[in-house]
Amino acid sequence: MNHQTLSSFIWSVADLLRGDYRQSEYGRVILPFTVLRRLDCVLEATKPAVLAEFAAKTKAGLNPDPFLLRKAGQSFYNTSPLDLEKLLGDQDNIRKNLYAYIKGFSPAAHDIFERFDFHAQIERLAKADLLYLVTEKFAKINLHPDVVDNTQMGLVFEELIRKFAEISNETAGEHFTPREVIRLMVGLLFIEDDDVLTPGNAVVRTIYDPTAGTGGMLSVAGEYLQEHNPAARLTMFGQELNDESYAICKADMLIKGQDVANIIPGNTLSDDGHSGQKFDYMLSNPPFGVEWKKVEKIVRREHEQKGFEGRFGPGLPRVSDGSMLFLLHLVSKMRPAQEGGSRFGIVLNGSPLFTGGAGSGESEIRRYVLENDLVEAIIGLPTDMFYNTGIATYVWILSNKKPKKRKGFVQLIDASSFWQKMRKSLGSKRKEMSDDQIAMVTELFGTFEEAELATLFDADGKETGRRVVPAGGKVPKASKGGKVKTAPISRIFHNEDFGYTTITVERPLRDESGKIVIGTKGKQKGKKQPDSALRDTENVPLSEDIGAYFKREVLPHAPDAWINDEKTKIGYEISFNRYFYVFEPPRSLRDIDADLKTVSANIMKMLEELAE
């Protein structure tokens, strides 16, 4: 079964719940039962051996835990003789027996069901006489990894969460990221590290996601590395705020054999579950445009008291959007360059690129990562790629181990046209990136060259193909009667190209007779007084001399102006779309007029036919 067929089958449990549960509550039952059945299937083959070992070691007075883990062949076990199928044999006592079965799980697995608040649902189902029927439904599904692999299982959970989020009008995007976006990010993360991808090279690396959701990013990264270098080992770390997502992530990590102590519950911004730790790779898709007012007091205290010794030294963004706090959090988790360094990818909306003028929190954060040469690339994604929003999104790749050719530079890639329409929309998600398109973007990043996208059209204006051409390279010829449109797709800038100095231009205050007012007291004594009504600001590129700019752009229009040096500030912004804008001249008036005449003639002809 593919993941959609499987999730539809699991979703059929909703037919049993209808009436006793509101639609928005279905997930409280279906998600924990799906996890329970998955764990049930994983442990099925080793169950007899585990029970025998448990009896022997308990009788001998030994701690059975390490022996049971070995017998189970997993990082968890269950000491109850029951399983879901056996529970069906005693319908009258199913409630009591289900409790006993869950209690038999090892502590790490038992915590999963506490996070789901599963006991409350067992009570509720029992009172509604539904517990046996729901258990029977799930006992019939085979969710063993040999039948439903980890990738499929992850997609099933995501599909279910998306449906529940839509029904309850919640934000599905807070829980997971589309898999093709993750595959793109993972490819960008590893492409420059030959030592990790070389088959047979038994390297061990760490990867971290501070907004882990159901664990999709960690899972895809692990699968990618396993595919390219089976000898490599990726140790996974994460933190997740939502209890249900945390429980699913933890269950997934258990089955993968990861140390689930590395997956921490709670709010990353207010309570860093991996304080003091550094990682080789990191991935994150923090919520877009979500305010951080709840944790403002704690975050501000860390910013003010710890400064650059803490996570938020460079500055704080406005309270209405906390996504840049996660960017700073990841920067603080980078392993020092002399210890091998780090690289991370984070998905952000357009706001962090340009929001906030010189001196603002956002600008100071951009200034910090650019002046410290941490930004490798920013990739603009197509709109309508995420389940809960259709807005433009961007993948930022940051690293403190830039290859020599990248030092001092930032690569911008416009991948907004790299998409194909989905057969069926999923929430706000109407577009997806194909494997070929992901490979093309990854290659653009890997080659680190400026390039153009040449789009070919036939005589009827229909697109017939696309070619990526190195800047200055030979553009393919159009077919007879057709044409070729070119647009930049990869551009490379110096870090300082995004910086500017905001200068405050003052004009003198004049009295009623037109004379310049001179200060008479304190520091202003003997100085020309500025007229606040005539005050203006100018943004001067960092690469330009301020004096020369002022002389050329300001003094010819205001010979009495001067610069207020006390108000001069440095800012940074990345006007992404401006760098890829291609002007298309409008059609000639003659062509437009000819089209209007043709349309008018057709309308008149149709009216005459109707009159007949």
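How many aromatic pairs does a search of the whole structure find? The search finds 18. Before I go through some of them, two remarks on the model. It is a predicted one, where local features need pLDDT of at least 70, side-chain atom pairs count only at pLDDT 80 or more, and totals for chains, interfaces and linings use all residues. Residues are numbered from 1 along each chain as its sequence is written, and side-chain values use heavy atoms, with hydrogens and water left out.

Now the rings. A pair of aromatic rings is described by the distance of the centres and the angle of the planes. Rings of Phe, Tyr and Trp (its six-membered ring) pair if their centres lie within 6.5 Å; planes under 30 degrees apart count as stacked, over 60 as edge-to-face and the rest as tilted.

Phenylalanine 190 and tyrosine 224 are stacked, because their centres are 5.7 Å apart and their planes stand at 10°. Phenylalanine 190 is in helix 12 (residues 179-190) and tyrosine 224 in helix 14 (residues 216-228), 34 residues apart, so the pair links distant parts of the chain. Helices here (H or I, at least four residues) and strands (E, at least two) are DSSP runs, numbered from the N terminus. Phenylalanine 190 has 0% relative accessibility and counts as buried; buried means under 20% relative accessible area, exposed over 50%, partly exposed in between, with a 1.4 Å probe and protein chains only.

Phenylalanine 493 and tyrosine 579 form a tilted pair, 4.6 Å centre to centre with 45° between the planes. Phenylalanine 493 lies in strand 13 (residues 483-494) and tyrosine 579 in helix 22 (residues 576-579), so this pair ties together parts 86 residues apart in sequence. Phenylalanine 493 is buried at 8% relative accessibility, and tyrosine 579 is buried at 11%.

There is also a cluster: ring pairs link Phe33, Tyr101, Phe105, Phe113, Phe118 and Phe138.

Next, charges over rings, where NZ of Lys or CZ of Arg is within 6 Å of the ring centre and within 35 degrees of the ring normal. Lysine 57 lies over the face of phenylalanine 67, 4.7 Å from the ring centre. Lysine 431 lies over the face of tryptophan 419, at 4.3 Å.

Last, helix 1 (residues 3-11). Which of its residues are buried? Leu6, Ser7 and Ile10 are. Seen down the axis, the buried residues fall within an arc of 95°, so they line one face of helix 1; the arc is that of the directions from the helix axis to the C-beta atoms. Their cover includes helix 3 (26-43), helix 10 (131-139) and helix 11 (150-167), with contact meaning heavy atoms within 4.5 Å.
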